[in-house]
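Subject: Structure for your files

Hello,

Here is the structure I said I would pass on. My notes on it come after the coordinates.

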Amino acid sequence: MSYCKQFNGGKDKVIFATKEDLAGPSKIVLPESDPAPGLILPNGDINWNCPCLGGMATGPCGVEFREAFSCFHYSEVEPKGSDCYEAFSQMQSCFSKYPTVYNKSGDNDEDDEGIQGEAQMKVDELLEGATEERPPPESPAEASGGEVERKK
């Protein structure tokens, strides 16, 4: 004959089963679990406990990350997040103080610096691009950033 004992104010249950209980199929019905809420909660707030953030919200730069991410999430300007430049700069500055924590790509620091530089250029371009007028490219190769072979 099996019996159940509760511990920690009923939070934990321990079921003691006999050989006879275990000989047949289980009769225990588990309750349906609620689906994980994901990054954005149903009310629109950010779920800082989401495993998809990979600990970014609680690491050494957690405050800076939360401020930058919140700024982007709640931003209402176009392009979205263009008013968050300062928050992302502070976050990036903090990341650079902890390269062993935030360098997730391995040991190739040169590629990371290149990627960070490209990302910084894109942010700068978005922020300045709205007011700066640029001349049109002279050829399709120049438009894509490729090298152009000039004929003499």
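Below are the basis of the values and then the findings.

This is a predicted model, in which local features need pLDDT of at least 70 and side-chain atom pairs count only at pLDDT 80 or more, while totals for chains, interfaces and linings use all residues. Residues are numbered from 1 along each chain as its sequence is written, and side-chain values use heavy atoms, with hydrogens and water left out.

Strands and helices here are DSSP runs numbered from the N terminus (E, at least two residues, for strands; H or I, at least four, for helices). Y3, F7, V14 and F16 make a nonpolar surface patch of about 350 Å². Such a patch takes residues with over 30% relative accessible area and no salt bridge, with nonpolar side chains (Val, Leu, Ile, Met, Phe, Trp, Tyr) joined within 5 Å; areas come from the Shrake-Rupley method with a 1.4 Å probe, and for residues only the protein chains shown count as cover. β1 (3–7) and β2 (12–16) each supply at least two of the patch residues. V14, in strand β2, is partly exposed because its relative accessibility is 31% (buried is under 20%, exposed over 50%, partly exposed in between).

In the loop between β1 and β2 sits N8, which has a positive phi of about 55° although it is not a glycine. N8 is exposed, at 56% relative accessible area.

The structure holds one salt bridge, that is, a side-chain nitrogen of Lys or Arg within 4 Å of a carboxyl oxygen of Asp or Glu. It joins the side chains of K11 and D12, at 3.8 Å from N to O. K11 is exposed at 66% relative accessibility, and D12 is partly exposed at 28%.

The second largest pocket

The second largest pocket has about 250 Å³ of space. A pocket is an open set of points on a 1 Å grid over the protein atoms alone, where a 1.4 Å probe fits, with protein on both sides within 12 Å along at least five of seven lines; lining residues have an atom within 4 Å of a point. The volume is the space filled by probe spheres set on the points, which are joined across faces, edges and corners. Among the lining residues are I15, D21, K27 and I28.

A cis peptide

E78 and P79 are joined by a cis peptide bond, with omega about -10°. P79 lies in the loop between α2 (62–74) and α3 (85–97).

Regards

Methods:
Patches are made of residues with over 30% relative accessible area and no salt bridge: like charges are joined within 9 Å, nonpolar side chains (Val, Leu, Ile, Met, Phe, Trp, Tyr) within 5 Å. Buried means under 20% relative accessible area, exposed over 50%, partly exposed in between (1.4 Å probe, protein chains only).
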